[in-house]
Amino acid sequence: MSFLTLDHVSHHYFSKDSYTKAIDDISLSIEEGEFVSLLGPSGCGKSTILSIIAGIMKQTAGKVLLQDQLITDSKIPIGYMLQQDYLFPWKTILNNVLLGPKIYDTNSEETKTRALELLDEVGLHDVANQHPGALSGGMRQRAALVRTLINDPKIMLLDEPFSALDYQTKLRLEDLVSLQIKTYHKTTILVTHDIGEAIAMSDRIFIMHANPGSIDKVFEVPIELRNETPFLVRRHPKYQIIFDKVWDVLSKKETDSKVVPPTS
Amino acid sequence: MKQKSDHHLFVAYKRQLSHEKKVVLLWQFSILILFIGLWEIASRFYWIDPLLFSSPSRIIQLLIQKLTDGSIITHVEFTLFETILGFIIGTAGGIIIATLLWSSRRFSNVMDPYLVIMNAMPKVALGPIIIVALGPGLVSIITMGAIISVIITSLVVYSAFNEVDPNYEKVLKSFGASRWQCFKEAIFPATIPAIISTFKVNVGLSWVGVIVGEFLVSKQGLGYLIIYGFQVFDFSLVMASLVLIAIFAAIMYKVVEKIEAWLIKHST
Ligand SMILES: Nc1ncnc2c1ncn2[C@@H]1O[C@H](COP(=O)(O)OP(=O)(O)OP(=O)(O)O)[C@@H](O)[C@H]1O
Ligand SMILES: [Mg+2]
C-alpha cells in the first residue's frame, strides 16, 4: 500500500442556496519520500485537496489514508504551508516556530534548541526574537517553513508558498525548501500555478482541471532533472521539452472548457 | 556641510511645531477665560438670573467650602467607585458574553434576536426595574453603570472575533489544535486592539449609567447632588457637581487612554 492514498475523494461546499462540487472523485497515491505537484487553473480544487489531507476539512465522499490509517484517526503531524506565511504578528519569530510544539504539547528546552538550529539553517538565527512585521516577505516565508519542519511532519503540504514573493526570492527559496525537504526526507505535495516551479521541484506532476476539479494527466519528471536543484533544473536542456508538453496539456484543457461551458 | 544644513532644517521644523503648539494652547486658554469671565459678568449685571445660572465665583466658593469641610468628598468617592466598577463589570461581562457567543454557533444563532432587542433598548429606561429588583442602593447603581455598556461591548467584540482571518485558525488546525486552543492562540490575541478600543467608549457610557442611577436612587453621589440641588433650588450646587463630573470624567478618560497605549505596546 502507498504512503498516502486518496480513494475516490469528492468534496462539496454547501451554502444556503447552492452548492459547489469543488473536487470530483479524485484517486491518487503517493509513495514515501516522493515530491509531487498539483498544477491547474484557479478554482480547480487544489487548496481543497490540501485542506482535506491536512485534516482541516472532512471530504464529503471517499477515503484518505496515510500509512493505511484514516487521516482523521491518525495523529501523525502534517506540515501545512500557506500562500502567505500567516505568522502570528503578536508573537516573536521563535514563538511562532514553537507554536506547533505548544499545541502538540511537546515544548521543551530541546525543541527550543532545535528551533534555533532550524532557524540558523535558513539564515534567521539573528531575528529569532523579532516580530514578523520587521521581516521581509522571503524571511517570513522561511520562518513559516521552519514552523512546519519543527514538528517533524510525515508529510509536507505546500499551498503556493512562493507566489507572494518576487521572482529572485522565489528562486532562492525554491532551492532552500527543496534542500530542506531532501535533507529530512519529507513526502511533499506542492500546489502551484507555475509550470516551471512544478517541473523544477517535483518527481511527478498531477495536472488538474476545474468544474469540478479532477485529475487530467500525470507527468513523470525525468530522473536527470529530479536530482538537480530547482535552479539548475530550469537551465537543463530537457526542461523546455517537459515544459512544452505540460503547456500543451494545460492549454488544450483551457480551449476544451471554452467549447463546453461548465455546468454547476 | 550637508549634514549641518539637514540638521538646521530639522531644528526649524521642530521650532515650528512647538510654536504651533503654543498658539493652540493660548487659544484654548483664552476661550476658557472668556467663557468664565462672560459668565461672571453676565451674572453680576443680571443679564442672566444668578439664581438659576449661578456664577463662577459662587461655584468656586461653594466648592472650596465643601472641599474643606469634606462633605463633598464622600459623594465624589461614591460616584467614582460606582463608575469604575460599572465600567469593569460591563467591559469584562461583554467580553465573556462575546466568548460564549463565539464558542457555540448555535448559541449565537439562538441569542441573535434577543441581543438585537437588548441593544436597541435604551438601557436607562430599565432603571426603575433594576431598583425594584436589586434594592435602592449601590448594587443597583453599579448595575446601571455596567448594563449600559455590556451588550454593545459583546456585539462589537463578537463581530471582531468573527473578522479574524480564518487562515490563522487553519495554521493551528493543521497542528490539530482544539477550538479552545484556536481561541487562545489566534482569535483572542488578534482581537485585542478591537477590545481596547471599546474601553474609551465604555468609560463614557458607565458615567451615564451611574449618574442616572444616582438620580433614581437619590441617596449619595454627584448625581444625587444634582437632583438635590435642583429640588432645593441651589443651582450653585448643581453647577459645582457638574464641574466635578467633568473633571473626573476627563481624568478617567485620560487614564483609560494611557492604559490603552500601554496595552497596545505590550500586546504586540
Ligand atoms: N469556503 C468555501 N465555500 C464555498 N466554496 C468554496 C470555498 N472554498 C473554495 N470554494 C470553491 O471550491 C472550488 C475550489 O476551490 P479551491 O480553493 O480548492 O481552488 P484552488 O485550486 O486552490 O484555487 P486557487 O488556485 O485560486 O487557489 C472553487 O470553485 C471555489 O469557489
Ligand atoms: Mg488555492
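A cavity here is a set of points, on a 1 Å grid over the protein atoms alone, where a 1.4 Å probe fits but cannot get out; lining residues have an atom within 4 Å of a point. Grid points are joined across faces, edges and corners, and a volume is the space filled by probe spheres set on the points.

This is a predicted model: local features need pLDDT of at least 70, side-chain atom pairs count only at pLDDT 80 or more, and totals for chains, interfaces and linings use all residues. Residues are numbered from 1 along each chain as its sequence is written, chains are lettered from A and ligands numbered from 1 in the order in which they are written, and side-chain values use heavy atoms, with hydrogens and water left out.

**Stop 1: the largest cavity**

The structure holds three cavities of 30 Å³ or more. Go to the largest, with a volume of about 50 Å³. Select A:Ser178, A:Lys182, A:Ile199, A:Ala200, A:Met201, A:Ser202, A:Asp203, A:Val221, A:Leu225, A:Arg226, A:Glu228 and A:Val233 to show its lining. Helices H6 (167-183), H7 (195-201) and H8 (223-226) of chain A are the elements that give two or more residues to this lining. Helices (H or I, at least four residues) and strands (E, at least two) are DSSP runs, numbered from the N terminus. H7(A) gives the most, with three residues.

Now colour the lining by class. It divides into six nonpolar, two polar and four charged residues. Ala, Val, Leu, Ile, Met, Phe, Trp, Tyr, Cys and Pro count as nonpolar, Asp, Glu, Lys and Arg as charged, and the others, Gly among them, as polar.

**Stop 2**

Is A:Gln180 buried or exposed? A:Gln180 is buried, with a relative accessible area of 3%. Buried means under 20%, exposed over 50%, and partly exposed in between (1.4 Å probe, protein chains only). Leaving aside neighbours within four places in sequence, A:Gln180 is in contact with A:Leu118, A:Glu121, A:Val122, A:Leu145 and A:Leu149. Contact means heavy atoms within 4.5 Å.

Next, select A:Phe243 in helix H10 (residues 237-259) of chain A. Setting aside neighbours within four places in sequence, A:Phe243 is in contact with A:Ile195, A:Gly196 and A:Ile199. Draw a C-alpha to C-alpha distance from A:Phe243 to A:His193: the two are 13 Å apart in space and 50 residues apart in sequence.

**Stop 2: two nonpolar cores**

A nonpolar core is a set of buried Ala, Val, Leu, Ile, Met, Phe, Trp, Tyr and Cys residues joined through side-chain atoms within 4.5 Å. The largest has 80 residues. Select A:Leu4, A:Leu6, A:Leu157 and A:Ile189, the residues with the most contacts inside it. Centre on A:Leu157. Not counting residues up to four places away in sequence, A:Leu157 touches A:Leu50, A:Ile53, A:Ala54, A:Ile78, A:Gly79, A:Tyr80, A:Met81 and A:Ile189. A second, separate core has 47 residues, including A:Ala144, A:Leu158, A:Leu190 and A:Ile207. In soluble globular proteins, nonpolar side chains tend to be buried together.

**Stop 3: a pocket lined from both chains**

A pocket is an open set of points with protein on both sides within 12 Å along at least five of seven lines.

**Stop 5**

Select A:Asn151, in the loop between helix H5 (137-149) and strand S7 (155-159) of chain A. A:Asn151 is buried, with a relative accessible area of 10%. Beyond its neighbours within four places in sequence, A:Asn151 is in contact with A:Pro77, A:Gly100, A:Pro101, A:Tyr104 and B:Phe175. Now take A:Asp152, in the loop between H5 and S7 of chain A. A:Asp152 is partly exposed, at 49% relative accessible area. Its phi is near 50°, a positive value in a residue other than glycine.

**Stop 6**

Where is A:Asp68? A:Asp68 is in the loop between strand S4 (61-66) and strand S5 (69-70) of chain A. Phi of A:Asp68 is near 60°, again positive in a residue other than glycine. A:Asp68 is exposed, with a relative accessible area of 52%.

Finish at A:Pro212, in the loop between strand S9 (204-209) and strand S10 (214-220) of chain A. The peptide bond from A:Asn211 to A:Pro212 is cis, with omega near -15°. Most residues other than glycine have a negative phi, and most peptide bonds are trans.
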